[in-house]
Amino acid sequence: MNFGHAIEAVKNGKRAARAGWNGKKMFVYLMPGSAPLATEVRELNGVDTINSVRTDLFQDGDTDTAVRMPSFCLRAADGSNVVGWLASQTDMAAEDWELV
């Protein structure tokens, strides 16, 4: 699948990886955001959002805490987690994304 489909699947709770990645057992996943109940929610194209990100990607945060935005993360081959993973140009153009 392409990058767009992979990212949409990750936003919906799946894990995705590139078949061409050298490291085995690597995958991208989403770490949910956190927002206090009093956080301003706005409708965007019929979807409730916080800072233009749909609200179902957030967990309830404690009162008087800052909003923490959702993050795409990478489980690396050595088992460590990279918080705030960024796709490379090749990752974005690739057609070898798959669900794991």
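Select R42 and E40: these two form a salt bridge, with their closest N and O atoms 2.8 Å apart. A salt bridge here is a side-chain nitrogen of Lys or Arg within 4 Å of a carboxyl oxygen of Asp or Glu. Keep in mind that this is a predicted model, where local features need pLDDT of at least 70 and side-chain atom pairs count only at pLDDT 80 or more, while totals for chains, interfaces and linings use all residues. Residues are numbered from 1 along each chain as its sequence is written, and side-chain values use heavy atoms, with hydrogens and water left out.

Is this pair buried or exposed? R42 is exposed, at 54% relative accessible area, and E40 is exposed too, at 51%. The cut-offs are under 20% relative accessible area for buried, over 50% for exposed and partly exposed in between (1.4 Å probe, protein chains only).

Next, select R18 and D96. Their salt bridge brings the closest N and O atoms to 2.4 Å. R18 sits in strand β1 (residues 16-18) and D96 in the loop between α2 (89-93) and β10 (97-99), so this pair ties together parts that are 78 residues apart in sequence. Helices (H or I, at least four residues) and strands (E, at least two) are DSSP runs, numbered from the N terminus. R18 counts as buried, at 14% relative accessibility, whereas D96 is partly exposed, at 23%.

Now move to R54 and E8. This salt bridge has its closest N and O atoms 3.3 Å apart. Because R54 lies in strand β6 (residues 53-54) and E8 in helix α1 (residues 3-11), the pair links parts that are 46 residues apart in sequence. R54 counts as buried, with 18% relative accessibility, while E8 is partly exposed, at 34%.

The side chains of R54 and N12 are joined by a polar contact of 2.8 Å. A polar contact is a pair of N or O atoms within 3.5 Å; within protein, one must be able to donate a hydrogen and the other to accept it, and residues adjacent in sequence count only if both atoms are side-chain atoms.

Which residues does R54 touch, not counting those up to four places away in sequence? They are E8, K11, N12, V47, D48 and T49, with contact meaning heavy atoms within 4.5 Å.

To finish, return to the salt bridges: by the rule above, the count comes to six.
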